[in-house]
Each structure stands twice: as C-alpha cells, then as structure tokens.
Amino acid sequence: MTITPTDAGTRSGTLTTVEQRGIEPVPVAERTGTPGALFWVWFAANISILGLPLGATLVAFQGLTVWQALLVAVIGAAGSFAVVGVISIAGRRGGAPGLTLSRAVFGVRGNVGPTAVSLLSRLGWETVNTTTAAFVLLSLFAILFGTDGGSKAHPVVTIVAILVFVAATVLISGLGHAFIVAVQKWATWVFGALNVFVAVFLVARIDWDVVGAQPAGPVAAMVIGIGTIAAGTGIGWATAGADIARYTRTSVRAGKLVAASAAGAGIPLVVLVGLGSLVSAGDPTLAQAGDPVAAIRDMLPSWMAVPYLIAAFGGLLLSNHLSVYSASLTTLTLGVKVPRVWAVAVDVVITTLGAMYFMLVADGFYAPFITFISVLAVPITAWLGVFIADMLRRTWYDPAALLDLGRGGRYWYGGGVAWRAVVAWVGAIVVGFLFTNVQVGDADPVFVGAFSDTWIGANGLGWVVTFIVAAAVYLLTGGPRGTLHEQPDESAPLPHTEHTVR
C-alpha cells in the first residue's frame, strides 16, 4: 500500500478513527509527541489496584517497615521505569515498536525468541488485569445486587464481568495511539482523584502506633523487595517502552524521555505501594487474600466502597488497554499476518480464556502471579541487557530494513540471526536461572537454581546478574557492527511485506 499525505492522519489514528499503522516506522513528519504525553501515559497505566497487594507483600512477607517499603518502591518502581525511558529513546530514534526495532539487534529471525517472550509477558499481565477487574465488578455487583459468594458461586455473573472489562479494553486499544494518549490524560484526573479520596480514608483509619512499633527488616529483605517491585512494574513494561515513544518528536532530549517515564510511573506506584504497605501493617490479610479487591472493600463503609471499586476498575482499564495495544504490535512483529486491530482481538481472546480459568477453575491467583512476573523477569532482563548495550553505538534504525524479512536485507545477518546477540541473550537467561528459585506460594519449588542459595540468589539479584551478563557478552563478542550512524532516507517508500497496512 502506498501512503499518501491525505491518509497519513488515518494511519496514525485520530480521536474518531482507527489507527491503521501496524509496525511500520512512523515518518518524521508524523512524530509530534512530547515527553508530557509519555508522562500521562505511564501515570495512567500505573494507577491500578495491583500496586496495593505488591506493597502488602513487602510488609507481610518480607518483614519491612512502611518506611522501608516506601524506599523500596522508589528504587524498584521509579528506577525500573527509568529503564523503560531508556528504551523510549530507541523509539524516538527509530519510530517503530520496541520489538520491531529489536530485529536490528537480533536479526529478523533471531528476534523471534525475545518477541515471543515479550508477547507472553503482555498476555500474562493482561490476564492479571482482566482477572482483577472482574473481581472488582463482582464486588460492585455484590453491593448493588446482593450477588456475593465469590466467582465460582456465580459463574454466569463472573463471565459477564470478564466480558464487560474485555469489551471496554478493545474499544480503547482498538482505536489506537491517538485515542489512547487522549484517554490516558483525562482519565488520570478522574480515576486518580477517586484513588486519592479512598487513600485518604484508609490512611485515616490506620493505627499509627502499630505502624511505628514495627521492627525494621533486614537489608537483604529490602534488596529482595526492590527486585520484586522492579519485576512487577518497570521490567514488565520494558519491551513496550518504544511503542508509544515512536510518535515522539525526534528533537526531544533523551533525558526528558527517561524523566517522564520514571516520574510518570513512579509517582502513582510509590503512592499505591506505600498505601498497600500501610494497610498491611495493621491488617496482614491483604497480602494473603485470594481476592484483594474484596479484602480492601471490606475495610470500607458501603458508601465508600462504590467509588473505590470504580477507581479500581478504571485504573485496571487504563493499564490494560495500553498493554493490549503493545501486545498487538508484538503479535505483528512475531509474524501474525493480520491488521493491528485484529491482532488486538486475538490477544484479548487469549486473556479472556485465561481469566475464566483463574476465576472459575484454579484454586488461587496471586501466588501464580508473583511467580509469573519473577520467572519472566529473567529473559526480559536479558533482552534489556543486549538491547541497551546495542544502543550505546546504534543511533538509528533503517526503516525499510526493519520490514524486510528476505535474504540479503540489512538485518538478515547470518541466516536471519545476529548470533552475537542471540548467544548473549540465551547465555544470560541460563545464568539468571542458576540464581533463581521458581516456587508458587508455599508449594514445593518447581525449579531450584544451582546458585540460588548464594548471597546473590538468596537476595533476589539474579535479574541483575542476568542484565550484566547479557550486556557484557554482547559487547565483548563485538556488539553491533556495520554502519550504525548513517542517516536513512526517510522519504524512501517502505517495502511491501506482510506487515504493510491492509
């Protein structure tokens, strides 16, 4: 398809039209975004209720004080989203989604592994969001219609709750970039205000004598907490950093992108993680609850529960439609030959089935959730190590070559694989898991790494080792090669591939 000036706006999407662009790099003329837009996108994506149980686990399971939990939240959440901001720099340089840009690093075939892991991560987070949001609606239905009894007691109502959230997600994420950016900004004020309203009420009920009497937890527990928060926040979003930033003006300074991402996500996350730790200090049942939504609802009078549930639903929706949007781009990068809006539909079908399983069949949810984010943190961090090391020399990405999957393309390398990057990625994953225990709740470990009982493994620092090994191996084996600073011809037409718009 040849793009003309008259349909460029439709390609990018407007508030009333569906974005038609898939993973093709955005022309410079259409890159008009600002760091402020990134700030609001990440702020809105992180005002979901999931920050509360994360904060509760720091106090109930790690034995930290509230003040230690707040410090952990600042380092783990804001720090990990600074890494998301670094990946946004690549989006500004190349104008394409993060995993599409990753083809330049791993090769058009070698990139399949990181892309598949990223898609699995996004689908997992969407299942978490959908399940939690359905619990929110069940709680709201219980107040309004007296249907309390849990998700398994009312399977039809549970399915309706899931489908309502999924429909709202598809409506927003399907329209695309322009609509998401607009919604994230104004909805942040609405749902953020509701969250503040509920937070003030919860804080007023806290027994500060109990909070002040808490003994400080060990430094090792803080280190583990930082890893848990980082894995559950910024690292989980890292591969999506460039997906929104690809529309950012090329003149925007890199530091502003990093600051916008770190502050945008860090502010709401620190508040919510801190609130979760405060509530859990007086009532540890929040961290142990199979349904934390209902656990917090029970702490509130009925007149306060309704705005709390509305705020919780809205926060989860703001997070989920951004995740689904990113997942649709990752699906296209993986090679699924459908328009972007259909990729959205494919992704939500999978997460809908996952939510139904956790709510109607499985015995628990949040223990598998914590295990899930811990396991995927290893391969995602390995990707980050290679990708960021590559960014040290690569200042641009050839837009035509990113879509050229044929032999002889710039990013074909050896048989479609950049072996230095792939070897560094796989090697770092192996090393990372050597320092990792995989365990679901209190059950017996599923996997025990050979070095998991060392100081590094016991303190949850396997992901740090993973990053260092990935970056070091990639750079020591030669890193990016070729002409990396030559500016491409932005006016050249993109090749006709399976990724062009239909």
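Predicted model: local features only at pLDDT ≥ 70, side-chain atom pairs only at ≥ 80, totals over all residues.
Residues are numbered from 1 along each chain as its sequence is written, and side-chain values use heavy atoms, with hydrogens and water left out.

**The whole chain**

Begin with the protein chain in a cartoon view, where the secondary structure comes to 23 helices and two strands; helices (H or I, at least four residues) and strands (E, at least two) are DSSP runs, numbered from the N terminus. Of the 502 residues of the chain, 58% count as buried, where buried means under 20% relative accessible area, exposed means over 50%, and partly exposed lies in between (1.4 Å probe, protein chains only). With a surface display, the chain exposes about 18,900 Å², and carbon and sulfur atoms supply 69% of that area; accessible areas come from the Shrake-Rupley method with a 1.4 Å probe, and for residues only the protein chains shown count as cover. Among contacts between residues at least 6 apart in sequence, 85% join residues at least 24 apart, a contact being heavy atoms within 4.5 Å.

Select residues 51–60 next, which make up helix 3, a mostly covered element in which nine of the 10 residues are buried. Among the buried residues of helix 3 are Gly51, Leu52, Pro53 and Val59.

Move on to helix 4 (residues 66–94) and pick out Leu71, which counts as partly exposed because its relative accessibility is 43%.

Leaving aside neighbours within four places in sequence, Ser88 is in contact with Leu38, Gly241, Ala242, Ala245, Leu257 and Ser261.

**Helix 17**

Select Phe313 in helix 17 (residues 302–334), a residue that is buried, with a relative accessible area of 17%. Not counting residues up to four places away in sequence, Phe313 touches Ala133, Val136, Leu137 and Phe165. Display Ile49 as well: Phe313 and Ile49 are 264 residues apart in sequence, yet their C-alpha atoms are 8.3 Å apart in space.

**Aromatic rings**

The structure holds 12 aromatic pairs; rings of Phe, Tyr and Trp (its six-membered ring) pair if their centres lie within 6.5 Å, with planes under 30 degrees apart counted as stacked, over 60 as edge-to-face and the rest as tilted. Phe433 and Phe447 form an edge-to-face pair, 6.3 Å centre to centre and with 90 degrees between the planes. This pair links distant parts of the chain, with Phe433 in helix 21 (residues 419–434) and Phe447 in strand 2 (residues 447–448), 14 residues apart. Phe447 counts as partly exposed, at 36% relative accessibility.

Phe435 and Phe451 come next: their ring centres are 5.5 Å apart and their planes are at 45 degrees, so this pair is tilted. Phe435 is buried, with a relative accessible area of 14%, whereas Phe451 counts as partly exposed at 39% relative accessibility.

Elsewhere, select Phe39, Trp40 and Phe43, which form one aromatic cluster. At Trp237, look for the charged end of Arg122, which sits over the ring, 4.2 Å from its centre; the criterion is NZ of Lys or CZ of Arg within 6 Å of the ring centre and within 35 degrees of the ring normal.

**Salt bridges**

Finish with the salt bridges, of which the structure holds two, each defined by a side-chain nitrogen of Lys or Arg within 4 Å of a carboxyl oxygen of Asp or Glu. In one of them the side chains of Asp390 and Arg394 meet at 2.6 Å, N to O; Asp390 is buried at a relative accessible area of 0%, and Arg394 is buried at 3%. Arg410 and Asp398 also meet in a salt bridge, at 2.9 Å, N to O. Arg410 lies in the loop between helix 20 (399–403) and helix 21, and Asp398 in the loop between helix 19 (366–391) and helix 20, so the pair ties together parts that are 12 residues apart in sequence. Arg410 is partly exposed, with a relative accessible area of 37%, while Asp398 is buried, with 13%.
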